[in-house]
Amino acid sequence: MINLINEENYFDDKKEIDLNALIENLNSIFDSAMQVTNQTYSPLSMSLQFVSKSQIQSLNLKVRQIDKTTDVLSFPSLDINCGEVIDKNNFPYDIDEITKELNIGDCIICYDIAKEQAQEYNHSIMREICYLFVHSVLHLLGFDHIKDIDKKVMREKEEQILNALNITRK
């Protein structure tokens, strides 16, 4: 389950993207990522927030000590390794008592940078946001791209998930 935080109302009056279609795509990506990474615990949840360039730069400086904008930031709430299947017994205090959800973390996307990158890569803003989202979900599940071998694995998973949902580079 994705908890969308849209405090800035980025999708009000945005003709370049349909919010309902975006939410449908993001939910499909989330479900597909769980399948591709063999996650069986349910329900898993995460939050997603869209922010401005100044907000993401401020967060990047505060958290990573990097004073520049970025397209996406991921904040995992679970300590898991790449490829590790989430076992609820390892996180008994992280499961919400009412909903039984286990939150895997938070994704922050800079809408304006996503829009710029979509133009730069010559594909839709929808595709770019979906790519940034799947990239973040994989980070929340322990994947990384610091080493070349890890980057290759992560990129393959990203493309596998997006291609399965027909979210291609158009």
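Predicted model: local features only at pLDDT ≥ 70, side-chain atom pairs only at ≥ 80, totals over all residues.
In which hand does α3 pass α4 where the two helices cross?

**View 1. Crossing of helices α3 and α4.** The crossing in which α3 passes α4 is right-handed. Helix α3 spans residues 111-121, and its axis comes within 8 Å of that of α4, at a crossing angle of roughly 115 degrees. On the α3 side, the contact is made by Tyr111, Ala114, Lys115, Gln117, Ala118 and Tyr121, and on the α4 side by Ile125, Glu128, Ile129 and Leu132. Classified by residue type, this contact of α3 with α4 comprises 7 nonpolar, 1 polar and 2 charged residues.

**View 2. Crossing of helices α4 and α5.** Helix α4 (residues 125-140) and helix α5 (residues 148-164) have axes that come within 10 Å and cross at roughly 130 degrees. Angles of 65 to 115 degrees count as roughly perpendicular and those over 145 as roughly antiparallel; α4 and α5 are therefore oblique to each other. Their crossing is right-handed. From α4, the residues Arg127, Cys130, Tyr131, Val134, His135, Leu138 and His139 meet Met154, Arg155, Lys157, Glu158, Glu159, Ile161 and Leu162 of α5. The residues of this contact of α4 with α5 divide into 7 nonpolar, 2 polar and 5 charged.

View 3. Thr37 occupies the loop that lies between α1 (19-36) and β2 (44-51). The relative accessible area of Thr37 is 5%; buried means under 20%, so Thr37 is buried. A polar atom of the Thr37 side chain lies 3.5 Å from the backbone oxygen of Met34. When neighbours within four places in sequence are left aside, Thr37 is in contact with Val85, Leu138, Leu141 and Phe143. Among these, Leu138 is also one of the α4 residues in the contact with α5.

View 4. With a relative accessible area of 26%, Thr168 is partly exposed. Not counting residues up to four places away in sequence, Thr168 touches Arg127 and Asn163. Of these, Arg127 is one of the α4 residues that meet α5. Thr168 and Leu4 are separated by 164 residues in sequence and by 23 Å in space, C-alpha to C-alpha.

Terms used: Residues numbered from 1 in each chain as written. Heavy atoms only, no water. Axes fitted to C-alpha atoms, helices over the stretch in contact; angles between N-to-C directions. Helix = DSSP H or I, 4+ residues; strand = E, 2+ residues; numbered from the N terminus. Parallel < 35°, antiparallel > 145°, perpendicular 65-115°, else oblique. Left-handed = near helix turned anticlockwise from the far one by under 90°. Contact = heavy atoms within 4.5 Å. Nonpolar A, V, L, I, M, F, W, Y, C, P; charged D, E, K, R; others polar. Buried < 20%, exposed > 50% of the residue type's maximum accessible area, 1.4 Å probe, protein only. Polar contact = N/O pair within 3.5 Å; in protein donor to acceptor, adjacent residues only side chain to side chain.
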